[in-house]
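Please consult the sequence and structure below while reading.

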Amino acid sequence: MLPTPDVKDVDYDLVYEPSEDTFLLLDTLEDEQKYIREKFAGKVPLAVEVGVGTGIVSTFMQKHILPSSILVGIDVNPNACATMIRTMQQNMNAGDEDAGISDTVQMSLLSGFRDKCVDLLVFNPPYVPAESVPDLPVSVSDSSWLEVALDGGEDGMAVTWELLHNLDDILSPASGVAYILFCARNKPDQIASTMRQKGWKVNTVGHRKAGWEVLSILRFTK
Amino acid sequence: MKFLTTNFVKCAVKSCSASQDSFPLKYSECQLAKEESEYNPDFVCHMLERLDWDAIVKVAADLGNTSIPPQKPEGLDPIMEDDQAILRDLHSLLVETVILEGKMTCSSCGHIYHIKNSIPNFLLPPHLV
């Protein structure tokens, strides 16, 4: 089993704390390590995580899953962007020979990213069904940043659909792959069949009952 | 924000998505720093394959570096001494050059984005979303 990155000195009133969903994502990426490495052998892939939170998943990816990559962590929450950089620095050892490059941008989904250039996309979305998707707080130190990390509007899918509808323009046509986390109330089976109709291959690569939530991770490829 | 990242980001305004002018952004009033990192010639070689060279030349010029060759260096061999020098320079430019503070302007719509504490902010005001 691959070691979980250390996450230290984080203000969990401002940044989403690693939870069951986070750990399912780590375990699933570990299961997928061979598939991912074979897919990008001999290349420098561009990996993007949307919604980095503490940066634990991005750090795990760059340290253990796909070391020789360019990794960009995206979050709307500036506290998360800053924390990701710190977590990455705390866990990477100087002199790691195949260390890749990581960076962070504050952005809504991939709205400021060039089209069709992401090779590996990982997204743990705000998936909790809620009346609406919250507006972004104005102040950096507003505790409602956590609601932004959780509340996903109708069926908890408002934000995720925005990304799925654009997946064609996000992933690199040759080798793009996306891992996205869902809870049962998002109706992942329906999502999978809708996406298959649009020509995507969809595989369930992670599944876990976590307390009262049933979580799953779907893998999307062309 | 690392120099390399400028090769992947464009204006976030929807109506700019079809415009050639929304990438690369124009960088100004930038405060730069150098962040040492492990040099791996193979990595730099493979990384080059995926980069938009014209954008690198433009952004480097924005930041005051006009010594970048106009054509992407092809067929670099990490074992050759001459190529080593080029790869080291590219490592230093793309990986170790960090923009701490600065402005990014879209040449299509003119919107200005800010880089603060090394984090570029691409969130748009409500009227542009």
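## Selected side chains of chain B

The backbone oxygen of B:L51 is reached by the side chain of B:K72 at 2.9 Å.

The model is predicted: local features need pLDDT of at least 70, side-chain atom pairs count only at pLDDT 80 or more, and totals for chains, interfaces and linings use all residues. Residues are numbered from 1 along each chain as its sequence is written, chains are lettered from A and ligands numbered from 1 in the order in which they are written, and side-chain values use heavy atoms, with hydrogens and water left out.

B:K72 is placed in the loop between α2 (53–62) and α3 of chain B; helices (H or I, at least four residues) and strands (E, at least two) are DSSP runs, numbered from the N terminus. With 21% relative accessibility, B:K72 counts as partly exposed, where buried means under 20% relative accessible area, exposed over 50%, and partly exposed in between (1.4 Å probe, protein chains only). Not counting residues up to four places away in sequence, B:K72 touches B:L48, B:E49, B:L51 and B:W53, contact meaning heavy atoms within 4.5 Å.

B:H91 belongs to helix α3 (residues 81–95) of chain B and, at 5% relative accessibility, is buried. Its side chain reaches the backbone oxygen of B:S37 at 2.9 Å. Leaving aside neighbours within four places in sequence, the contacts of B:H91 are B:S37, B:E38, B:Y39, B:V44 and B:E96.

## Salt bridges

A salt bridge is a side-chain nitrogen of Lys or Arg within 4 Å of a carboxyl oxygen of Asp or Glu. Over all chains the count comes to 11, and two are found across the interface of chain A and chain B.

| Pair | Closest N and O atoms |
|---|---|
| A:D119 and B:R50 | 2.7 Å |
| A:D155 and A:K187 | 3.5 Å |
| B:K34 and B:E96 | 3.6 Å |

B:K34 lies in strand β1 (residues 26–34) of chain B and B:E96 in the loop between α3 and β2 (97–105), so this pair ties together parts that are 62 residues apart in sequence. B:K34 is exposed at 54% relative accessibility, whereas B:E96 is buried at 5%.

## Interface and core

The contact draws 32 residues from chain A and 24 residues from chain B. A:I101, A:Q106 and A:R114 supply 27% of the area that chain A buries against chain B, more than any other three residues. The area buried between the chains is about 2,400 Å², of which carbon and sulfur atoms give 63%; buried area is the accessible area (1.4 Å probe) that two parts lose on being put together, summed over both.

The largest nonpolar core has 70 residues, and A:F113, A:L121, A:F220 and B:M47 have the most contacts inside it. Such a core is a set of buried Ala, Val, Leu, Ile, Met, Phe, Trp, Tyr and Cys residues joined through side-chain atoms within 4.5 Å.

Key: Polar contact = N/O pair within 3.5 Å; in protein donor to acceptor, adjacent residues only side chain to side chain.
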